[in-house]
Amino acid sequence: MLQLSATFDLQQDVVSSIFKKEATVGIIKEYSGIVDTRILNIERDGGVLYSWKGETGTTRIGKYDPNTRQNKLLYTFDKQVCVSSCSLNKEETLLAVSLAQRTRTEERLRPVSKCLTLLIEIHPINNTKVLKAVDCRVRVQFLHPDTERDSVLESHLLLVAEDGYVEQLHVMLVRQEGYRVVMLSPECLAKDRVAEDFSWVQWDSQTQRLFYLTHREKAVLKCVQFCHDRNCETLFELVLELPSNPFTCMRFVNLGFDHHQETQHEREEMRMVVITNNTGSMCVCYSQPACVNQEITYTIVLVHRGCSKTFSVALDGTPSPCSTDLLPLFIPIGYYVVVYLSGHFLHCINTRQQELLCHSLFLSGVDAELGVLGSDSVVLSLPESSLLDLNTGRMYTVDLNPSFLMDLLHCSHRRPDSQRLAALHCLLLYMGPNAALELKIIDWICDNVMPFDTFDQIQEFILASLYRIIYKKCLSLDEVLPYSSVFEKKKVPETLDQVPGVTCTTELHAEPVFKGKARSLQGYWEELQWSTEKMKYFEAVPNPRYRASQNLPDWTKLLTTLKSKNKKASNYLRHIEENTKQVLSMVDSWNLDQKVVPLFQEEDSQQRALIGLMVDKLREHLNRHLPRLGKKKIDVLVVNYVAKLLELIRRMLESVWLKYKLGPLVLCLKQRGSSAEWAVFHVMCRILEATKTLCLPLPPDLDNSDANEELKFSILKRLPESMEQRICHLWDHPISSACISRDYVRGLLEKHDKTKVTLSYSASTNQLYNHQFNITKSRK
């Protein structure tokens, strides 16, 4: 299900590099001279800070740059020390270090603080300032603000204490002798108290946000946003329904890796992480260890959706006592949150299409294994869809595996429909746009052209592909545009909202509180605030999601209006035609000469009207529910949406034509239809059926050139008689007129002598078709 790609290997990228350098100058002679190499922190730029102990009794700190794949020595302690936390400022002029100190036998009579926090000048190595000497662990983290200035002579350092408080130090710097960078007035550094009285804290390096959890009467999650101008503000608070006293000791998330943590602090009572996405979504994920009942429960609070989902999964195997081994990892992958419990299950939760379980993918057993991670791996989830194996020192990027998902689609005989639907959405939405992958999906549709018991795969392909085009533009579009045809059903099949062994409960959660000045609520925070407020509106109004099938009554009226001579009707038709022209102007930009299937070549009044109607209704729907987007943006979005619909159907037809190696003139009168022609015709009928049910427009059909007339006539001959009669009334052509006349004459003759006419009619039918067709050609 997941594919892991190695991005860093402590042994290969660091240890071997150090050995080569130090062996060259004779410092060490063998690998054993480099011992206790530990990853300490990962900075915002992806740089990996690490420490190692050498043969000479020293402890060194270095940095691995993933861009240059080079290692750099930052600082050397002249004795062996236990580095519990470390951070490097953006300009690489200051190094902050926390040392875990243990009292040796001969020093027991002297009081020694458990933690010594230092600030070291390293450009070049110069002064060292003691920031703290306390009896609690302190994590250090420099801010890495976004700035366009090449040289910044100030740095800001967070000190996160195990006692439950955060301080921010403001370090002013000065340049001396042209190259030396030293602290200005190191004896009196300015500092602010940022947060206090918390039991859990998480740092988000990419967005420069600090989340922390206070627990007095209720558990409250708060967020501090740090800005490039040294200011910080608490912008967000959310009350959470957590177990009482969820954390008995401080929990640090994304604040480096302390390899000297005391044993009594190792066991986690609860694992919690906050996951954000730049589109404006926020998820708070937490779980407690599975106990003797062998059932594990995890909750995803969808802040942007105003609700929480709590899942309970029955675990297979022998019952075991509560263990941190049975705490799942929460891995962000795009707008999915993957819940992974080694040896048990993998749940890929869709945080934007959360209404039904069938849009999230649950796997267990062999399907849920991550092959590169051993059974004894100690794995941590990192930001930016990454994992770290602390035992091996390897880091991996994590992504969905398209090959596995395609295999899952093909194994229809042993996979439930809910899994196939979830896999299809993963492929179309998260993995796309990808032309090669799209071609594989169309190929799968051709091989499984009949709809499944619980969903229509062609409808899902169309709606999910269209949704992919717009979902990054605005989070609230999720609530007003369709992404699945499942909601078109009067009742959703139970099998699409059930997963064996998994139960799910949905609850509304308390509304978040947004704080801070208006200037601060921009970008991400503005989008999140608007999304949470808009959810209240969507819950109150009926049918906020657009459904093209509801346009059917208007479409029927429009067909009547097309025949009307009323002036008001003419004005409305001109308005609809202008909509159509906007869409087709985008379609006309395609190079049709190179296309396999000849589309968009005729004045098809009915399809043109339906295209314009869809533009009109969709624009009206978005202006009513999302006026914040603005009319201009909505106009562009709607025209692009409908044009992409036509393009998508054209691509489907072209892919089918190429799959069966057909040309545009392959269907003709002169020979019996091949199996390939029948297969293509079957797919085309299914596309027609799928789009008609949803009331979606199709690309205008062929014109009446000689070649296309022959193609149309060959198709007409192969239709069932009842369908053939309906088509003849729609096709304005001498051939169709002849067919209508023939049926009329047939009816008259049958009244006169039913038996005699029946015997002679079947023998002369094809002769009449061919005769009329030849007459038409000769007239031209």
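This is a predicted model: local features need pLDDT of at least 70, side-chain atom pairs count only at pLDDT 80 or more; totals for chains, interfaces and linings use all residues.
**Entry 1: ground rules and overview**

I call it a contact when heavy atoms lie within 4.5 Å. On that basis I looked at pairs in the chain with a separation of 6 or more, and residues 24 or more positions apart account for 59% of those contacts.

Residues are numbered from 1 along each chain as its sequence is written, and side-chain values use heavy atoms, with hydrogens and water left out.

Then burial: of the 780 residues in the chain, 54% are buried. The chain exposes about 36700 Å², and carbon and sulfur atoms supply 50% of that. Areas are Shrake-Rupley with a 1.4 Å probe, and for residues only the protein chains shown count as cover.

**Entry 2: salt bridges**

I searched the whole structure and found 40 salt bridges. The criterion is a side-chain nitrogen of Lys or Arg within 4 Å of a carboxyl oxygen of Asp or Glu.

I checked Asp-146 with Arg-44, which form a salt bridge at 3.2 Å, N to O. The two sit 102 residues apart, with Asp-146 in the loop between S10 (138-142) and S11 (154-161), and Arg-44 in the loop between S2 (35-42) and S3 (48-53). Asp-146 is exposed at 56% relative accessibility, whereas Arg-44 is buried at 19%.

Next I looked at Arg-415 and Asp-367, a salt bridge at 2.9 Å, N to O. Arg-415 is in the loop between helix H2 (402-410) and helix H3 (417-430) and Asp-367 is in the loop between strand S27 (361-364) and strand S28 (379-382), so this pair ties together parts that are 48 residues apart in sequence. Arg-415 comes out buried, with a relative accessible area of 12%.

For a local case I took Arg-624 and Glu-620, whose side chains meet at 3.6 Å, N to O. Both are in helix H9 (residues 605-625), 4 residues apart, or about one turn of the helix. Arg-624 is partly exposed at 45%, and Glu-620 is partly exposed at 40%.

I also found a salt-bridge network linking Glu-438, Lys-644, Glu-647, Arg-650, Arg-651 and Glu-654.

**Entry 3: two helices**

I ran a span check, taking the expected value as 1.5 Å times one less than the number of residues. H3, with 14 residues, should span 20 Å, and its end C-alpha atoms are 19 Å apart, which agrees. Helix H5 (residues 457-470) also has 14 residues and reaches 20 Å, close to the 20 Å expected.

How many residues of H3 are buried? I count 13 of its 14. H5 is mostly covered too, with 13 of its 14 residues buried.

At the start of H5, a side-chain oxygen of Asp-456 comes to within 2.9 Å of the backbone nitrogen of Ile-458.

**Entry 4: nonpolar cores**

I define a nonpolar core as a set of buried Ala, Val, Leu, Ile, Met, Phe, Trp, Tyr and Cys residues joined through side-chain atoms within 4.5 Å. The largest has 102 residues, and Met-1, Leu-2, Leu-400, Ile-441, Leu-477 and Leu-481 touch the most other members. Helix H10 (residues 631-659) gives the most to this core, with 15 residues.

I followed up on Leu-477: leaving aside neighbours within four places in sequence, its contacts are Ile-470, Leu-622, Leu-626, Leu-629 and Leu-637. A second, separate core has 50 residues, among them Tyr-298, Val-313, Phe-330 and Val-499.

Asp-9 is in strand S1 (residues 2-9) and is buried at 9% relative accessible area. Skipping residues up to four places away in sequence, Asp-9 touches Val-14, Gly-393 and Arg-394. Its C-alpha is 9.9 Å from that of Leu-388, 379 residues away in sequence.

Ser-281 lies in strand S21 (residues 281-287) and is buried at 5%. Beyond neighbours within four places in sequence, Ser-281 is in contact with Ile-275, Thr-276, His-304, Leu-475 and Tyr-524.

Technical notes:
Buried means under 20% relative accessible area, exposed over 50%, partly exposed in between (1.4 Å probe, protein chains only). A polar contact is a pair of N or O atoms within 3.5 Å; within protein, one must be able to donate a hydrogen and the other to accept it, and residues adjacent in sequence count only if both atoms are side-chain atoms.
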